Amino acid sequence: MQQSKVRATGATASLGRTGFPHIATTTGGTLDIVTGPSQPGFNPLDLLYASLASCMAMSARIAAHRMGVHERIREIRVEASGQKADEGPSRIARFDILFTIDGDIDAQTRMAIVHDAEEICTVSNTLSGNPSLDLRLAE
């Protein structure tokens with residue numbers, strides 16, 4: 001039996017008295033965050049939407065592979081956006097996820113891929129599962 005590889009996960013954000021956060025992942029990825037509305041780049045909400053969109057796209061490809069139709073798919077594109085809550089704590093109240101599946105498959109199969117992708121995607125499962133936050137202060 002083949003062991004599946006586990007990828008290290010996690011990220012650290014750091015910033016000084018001025019400037020924007022710098023993000024580093026445990027796997028060596030880095031990214032500078034922007035906050036101005038006209039600045040190109042990622043802000044924290046963009047990263048949330050990007051995580052959801054990319055996870056859903058990869059999960060849709062996995063679903064298509066499981067269904068045996070992946071060879072007939074040319075491209076899977078997922079757009080993620082959302083609506084902020086009108087009141088209460090600052091948060092996203094609703095996520096809007098648009099799938100475009102380009103390939104030689106019927107609408108029923110495309111919809112099955114979308115539904116399976118939601119069940120496969122770790123990010124969508126986390127967002128809909130109301131995870132707990134364990135906040136601590138380093139000594």
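**Note on salt bridges and a helix pair**

1. The whole structure, a predicted model, contains 4 salt bridges according to a search.

2. Glu75 pairs with Arg77. Their side chains form a salt bridge, with N to O at 3.4 Å. Glu75 is partly exposed, at a relative accessible area of 41%. Arg77 is partly exposed too, at 38%.

3. Arg94 and Asp96 make another salt bridge. Here the closest N and O atoms lie 2.7 Å apart. Arg94 has 44% relative accessibility and counts as partly exposed. Asp96 has a relative accessible area of 27%, so this residue is partly exposed, the class between 20% and 50%.

4. Asp134 bridges to Arg136, and 3.7 Å separates the closest N and O atoms. Are these two residues buried or exposed? Both Asp134 and Arg136 are exposed.

5. Now the helices. H1 covers residues 44-67 and H2 covers residues 107-120. The two pack with their axes 8 Å apart, at an angle of about 120°. Because of that angle, H1 is oblique to H2. The crossing of H1 past H2 is right-handed.

6. Which residues meet in this contact? From H1 come Met56, Ser59, Ala60, Ile62, Ala63, Ala64, Arg66 and Met67. From H2 come Thr109, Ala112, Ile113, Asp116, Ala117, Glu118 and Ile120. The contact of H1 with H2 has 10 nonpolar, 2 polar and 3 charged residues.

Methods. Residues numbered from 1 in each chain as written. Predicted model: local features only at pLDDT ≥ 70, side-chain atom pairs only at ≥ 80, totals over all residues. Heavy atoms only, no water. Buried < 20%, exposed > 50% of the residue type's maximum accessible area, 1.4 Å probe, protein only. Axes fitted to C-alpha atoms, helices over the stretch in contact; angles between N-to-C directions. Helix = DSSP H or I, 4+ residues; strand = E, 2+ residues; numbered from the N terminus. Parallel < 35°, antiparallel > 145°, perpendicular 65-115°, else oblique. Left-handed = near helix turned anticlockwise from the far one by under 90°. Contact = heavy atoms within 4.5 Å. Nonpolar A, V, L, I, M, F, W, Y, C, P; charged D, E, K, R; others polar.
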